[in-house]
Amino acid sequence: MALQRSAILSWYDENARVLPWRVAPAARRAGARPDPYRVWLSEIMLQQTTVPHATPYFRAFTEAWPTVQALAAADGTEVLGAWAGLGYYARARNLIACARHVARELGGRFPNMEAELLKLPGVGPYTAAAIAAIAFDAPANVVDGNVERVMARLFAVETPLPQAKPQLKTLAAGFVSTERPGDWAQALMDLGATVCTPASPACGRCPARPHCRAHKAGSPERYPLKSPKAERPRRYGAAYVLTRGPLVALVRRPPRGLLGGMLALPTSDWRGRPWSDAELHAAAPACAPWRPAGEVEHVFTHFALTLRVARAEGDWAGALWRPRSDLEAMPSVFLKAARLALTA
Ligand code: SF4
């Protein structure tokens, strides 16, 4: 393991991705330390999306709110608006709660121990380990999907996911050491993201190849094995795009629940069977000459949604009337529906 570890760290020294929240290995050796606020923010964003997708959001957030104190003092609605497109808004609400807790209760300092980090809103075991390792160089076992894949391949683990998770975590723990723990965590992440990729691992340029059992077996992409997936349930709903001249009727969703607190199009309920034309008209927020504009598909974590979209020109007392430029602040499912209706 020591040989593999040192080969992977040397590879990281040469090939570390340049990321706006990262302190490069050479700078770290020279004594630079990452800003825990930036590490925390990046990890929360990356819980759900890829580095290329998260990067512009990270830059926008750190420009608008360069410190945890600034984020804590920000208007919550503005932060939720800036989060639109990163999905899963419970995370954005936890982000605000966490920033306020750190700024007001902890004097603006993130804790440096995994157990203390775990107490923060929105910080689960993976994120706590990642912040402890990356921001504070603590020997934490940081295991995400990338690391699970690398471990499954290095050791040719025949147990399928998700049952293999504890075993993969134990294997990863075998590499954790007090020597460069922050770099180690990031080296494994980078290896999984850029070399040991899911579909076509680039074994030819992998520093771990001499010790990799999956490579030796000749079929690395077979790992990690996966149990057959249960189908995501599908729900059906209707979304209404009501315009009054240049303005569009929006609503603010209730603070709790899916997409809570976000600007949105008015919708019907989302249920397990499709909506007929008559039902679509009956559930509309206002009496108007509704005409169908098509359907959009969206996949949430726990279900897939088919949303029928209806469009009309009219008036509605319950609306927040907003210019079209404000539509960008809506979650992407509503933005897709609005674009479909307004360009139809
Ligand atoms: S040798 Fe291939 S399969 Fe093994 S860790 Fe490297 S990239 Fe992944």
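Partly exposed, in what follows, means a relative accessible area between the buried limit, under 20%, and the exposed limit, over 50%. Arg322, with a relative accessible area of 23%, is therefore partly exposed. One caution before I go on: this is a predicted model.

The side chain of Arg322 meets that of Asp326 in a salt bridge, at 3.5 Å from N to O. Asp326 is also partly exposed, at 25% relative accessibility.

Now the whole structure. A search finds 18 salt bridges. I will take two more of them.

The next one joins Asp137 and Arg28, with 3.3 Å from N to O. Asp137 sits in the loop between helix 9 (125-136) and helix 10 (145-154), while Arg28 is in helix 2 (residues 25-29), so this pair ties together parts 109 residues apart in sequence. Are the two partners buried or exposed? Asp137 counts as partly exposed, at 24% relative accessibility. Arg28, at 5%, counts as buried. Both residues also belong to a network of salt bridges, in which they are linked with Asp13, Arg29, Arg180 and Asp183.

Last, Arg308 and Asp277. The closest N and O atoms of this salt bridge are 2.6 Å apart. Arg308 lies in strand 5 (residues 304-313) and Asp277 in helix 14 (residues 277-282), so the pair ties together parts that are 31 residues apart in sequence. Arg308 has 18% relative accessibility, and since buried means under 20%, Arg308 counts as buried. Asp277, at 46%, counts as partly exposed.

Key: Residues are numbered from 1 along each chain as its sequence is written. This is a predicted model: local features need pLDDT of at least 70, side-chain atom pairs count only at pLDDT 80 or more; totals for chains, interfaces and linings use all residues. Side-chain values use heavy atoms; hydrogens and water are left out. A salt bridge is a side-chain nitrogen of Lys or Arg within 4 Å of a carboxyl oxygen of Asp or Glu. Helices (H or I, at least four residues) and strands (E, at least two) are DSSP runs, numbered from the N terminus. Buried means under 20% relative accessible area, exposed over 50%, partly exposed in between (1.4 Å probe, protein chains only).
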